[in-house]
Amino acid sequence: MKLSDNALTVLEKRYLKKVDGKTVEKPEDMFRRVAENIAAVDGDLYGESGPAVKKLADEFYKAMTELDFVPNSPTLMNAGRELQQLAACFVLPVRDSMESIFDSLKHAALIHKSGGGTGFAFSRLRPKNDEVLSTGGVASGPVSFMRVFNSATEAVKQGGTRRGANMGILRVDHPDILEFITAKQNNADITNFNISVGITEEFMKALKADGEFALINPRHNQVSRRVRAREIMDLIVEMAWKNGEPGIIFLDRLNHDNPTPEVGEIESTNPCGEQPLLPYEACNLGSINLAHLVVRKGKKAEIDWDRLGALVKLSVHFLDNVIDAGKYPLDLIDQMVKSNRKVGLGVMGFADMLVLLGVAYDSKEAIGVGRKLMAFIREKAREASRELAKKRGPFPNFDRSVYRDGEPVRNATTTTIAPTGTISMIAGCSSGIEPLFALSYVRNVLDQTKLVEVNPLFEQVAKERGFYSEALMRKIAEVGSVHGLDEVPADVREVFKTAHDVSPEAHIAIQAAFQENTDNAVSKTVNFAHSATKEDVAHVFELAYEMGCKGVTIYRDGSRDEQVLSTGSTGKTTADAEAAAAVAAPAQGSMAVTPKPRPRPDETHGITRKFRIGGCGHLFVTVNADDNGICEVFTNTGEEGCSSLSEAVSRLISIALRAGVQIDPIVDQLRGIKCIGCIVDAETNVLSCPDAIGKAIEKFANGSNRFDLDVFGGPKPAISCPDCGGLMVHESGCWHCTSCGYSKCG
């Protein structure tokens with residue numbers, strides 16, 4: 001097998017079987033375990049002979065070990081093992097009763113424990129402060145219960161392989177929609193959820209007309225109040241611009257393509273938004289590696305359509321078998337899954353395929369390739385599903401489906417474009433249908449040696465064309481792109497574009513091209529430069545609707561305020577590198593590595609705020625930052641005040657910040673501390689000196705608590721992985737680590 005060092009790291013850390021903490025599987029053993037377990041369904045349930053089952057297992061094994069097809073993570077982890085939970089995506093109902101809410105909470109915990117992610121719609125819950133007839137009290141509202149679900153997710157461990165992840169959706173016409181939109185404006189809040197607003201056609205009509213829109217109380221379906229649609233959208237845009245959330249889901253569009261409307265209404269999706277599901281449905285996913293499906297005929301590169309068709313047929317067979325092979329956390333889920341038999345075959349390596357074809361990602365030709373490719377895959381997937389139906393029968397709800405007047409099919413859906421952050425690392429290809437993340441970047445290894453990682457396709461072209469050098473690769477790692485680099489030929493620069501070289505409009509155009517021919521939905525992130533405006537974000541949201549997308553997630557570079565690690569290596573002192581390493585270093589044994597504060601920088605930039613503090617007079621709080629974020633806080637008082645307490649607090653905060661402690665926990669500890677001798681400042685509502693310091697840090701953090709170096713032409717910042725300290729990237733609506741495969745979406 002041709003596995004990269006990164007792939008081997010990911011497999012050993014998250015996939016291969018362990019006994020007493022020791023890895024007892026090789027990658028080939030894992031793929032053989034999975035292939036035999038899934039192929040056995042043909043013999044156990046459908047009467048195929050032993051030789052036929054063995055032949056099928058060999059075909060599954062070959063497709064996986066050649067990295068042409070890789071199923072979703074739970075299948076790789078659990079097939080042929082005791083747990084045998086193979087599905088990635090689940091949706092649970094949340095109905096307007098305490099019993100339903102906490103039943104769903106219990107069921108979510110069981111799903112997370114088994115390695116799955118969950119989606120919820122909180123739209124049926126009565127709004128905050130609405131009456132509760134049984135007790136005479138008032139309701140706490142959807143957002144409060146979402147926080148309860150978030151806390152429960154935090155408490156559930158998943159054996160160190162996958163972490164709990166959720167999608168929370170609220171309809172745009174719910175009376176608490178404004179509270180929901182702003183629920184994650186603090187990045188430390190509701191961290192185990194992605195959130196999306198469920199947009200309706202009625203809302204989009206009101207938005208286009210710049211008119212009012214009715215908010216409906218779900219308890220009695222009466223109008224609660226009317227608001228301007230533009231005010232709601234402006235708030236969605238502001239929050240998405242600020243930190244990437246919420247995303248938006250076009251609910252009526254999901255239900256327009258609901259294959260079983262008589263069975264139920266689609267209200268939610270899985271955590272990354274690509275899999276709309278009915279309550280208690282689950283879905284298993286898998287992806288074909290498009291990078292392996294380009295062949296050269298003479299001097300021309302083209303797609304190997306025959307091989308792709310055969311691979312699609314084999315993959316649909318595999319995924320249909322997964323439905324029967326899997327064990328489900330609840331009987332209700334088992335029943336729904338086997339009644340509709342949804343599968344989601346998708347792709348990865350699309351950006352690599354375009355490079356091999358010599359096509360720029362942001363070109364009309366790329367849109368045409370995506371549209372033709374996905375139309376072919378869906379046609380072949382449905383053809384495979386029809387063949388399976390002839391042998392095994394259609395899915396049980398076929399007569400209640402949109403297909404009932406046509407030829408029987410085995411699966412209610414067959415295609416989905418999922419994020420493939422971890423499995424694409426195993427396959428050694430680009431993620432999903434995203435552009436290339438980077439052509440070259442710097443990665444820390446265990447001894448803190450910095451290695452330049454170069455995209456294999458780019459490295460090959462650079463060497464063939466004679467412009468490769470270590471110095472150039474390091475330079476590219478620093479600036480994050482070849483755009484504007486004269487050392488790289490113009491035609492190469494045109495083809496090798498990274499996510500930030502591609503306009504938001506081009507991102508949406510590619511997403512829309514794939515969505516045209518995808519049964520379910522498309523998971524993709526629209527990347528914005530840090531300098532993008534709120535108007536730019538609003539334009540893309542509306543463009544996504546106009547072009548037929550089922551939802552959209554955006555991320556503006558540098559809009560999160562978490563720990564920064566540079567993708568480049570120059571311009572950093574040894575002390576900086578040591579401090580970053582200390583922050584990022586994982587625990588060893590039972591004792592964590594002790595972080596070491598980096599030295600105070602020679603140059604900082606900041607603000608000073610004045611507060612009126614009762615017995616201390618005026619308190620001046622200065623917050624300074626360098627290119628690693630906030631690095632120091634110091635205070636001063638007027639002549640009438642005593643500064644010893646505030647000075648001690650600010651010194652300790654400065655040490656903590658330079659040791660890499662996150663800002664939000666510091667602010668949380670300071671804010672709200674009261675002093676009996678203080679007179680509350682009516683303007684700033686300050687309760688004490690510590691409270692003032694916390695408010696000053698928070699204000700600075702919300703405005704500019706980190707410097708995004710790409711604004712100044714330097715290396716792009718990124719978020720560090722909580723598991724290994726590696727580079728986290730935002731793709732397909734989710735953060736994932738480029739080194740160890742950690743994902744915030746499970």
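I started with burial: 59% of the chain's 746 residues count as buried (under 20% relative accessible area; exposed is over 50%, partly exposed in between; 1.4 Å probe, protein chains only). I am working from a predicted model, where local features need pLDDT of at least 70 and side-chain atom pairs count only at pLDDT 80 or more, while totals for chains, interfaces and linings use all residues. Residues are numbered from 1 along each chain as its sequence is written, and side-chain values use heavy atoms, with hydrogens and water left out.

**Whole chain.** I noted 24 helices and 29 strands (DSSP runs numbered from the N terminus: helices are H or I with at least four residues, strands E with at least two). I also looked up contacts (heavy atoms within 4.5 Å): among those between residues at least 6 apart in sequence, 68% join residues at least 24 apart.

**Helices H2 and H3.** Next I checked how H2 (residues 27-44) packs on H3 (residues 50-65): the angle is about 140° and the axes are 8 Å apart. Axes here are lines fitted to C-alpha atoms, for helices over the stretch in contact, and angles run from 0 to 180 degrees between N-to-C directions. The two helices are therefore oblique to each other (under 35 degrees is roughly parallel, over 145 roughly antiparallel, 65 to 115 roughly perpendicular, the rest oblique). I list among the contact residues Phe 31, Val 34 and Ile 38 of H2, with Leu 56, Phe 60 and Met 64 of H3. By type, the residues of this contact split into 12 nonpolar, 2 polar and 5 charged (Ala, Val, Leu, Ile, Met, Phe, Trp, Tyr, Cys and Pro are nonpolar; Asp, Glu, Lys and Arg charged; the others, Gly among them, polar).

**Ser 196.** I found Ser 196 in strand S9 (residues 193-199). Is Ser 196 buried or exposed? Ser 196 is buried, at a relative accessible area of 5%. Neighbours within four places in sequence aside, I see Ser 196 touching Met 167, Gly 168, Ile 169, Leu 170, Phe 180, Pro 246, Gly 247, Ile 248 and Ile 249.

**Sheet S24-S25-S26.** Last, I looked at an open sheet of 3 strands in that order, with antiparallel pairing (strands pair if DSSP finds at least two bridges between them). S24 (605-613) and S26 (629-637) are the edge strands, each pairing on one side only. The twist averages 20° from one strand to the next. I noted 8 bridges joining S25 (residues 617-626) to S26, and Asp 626 stands opposite Gly 629 in S26.
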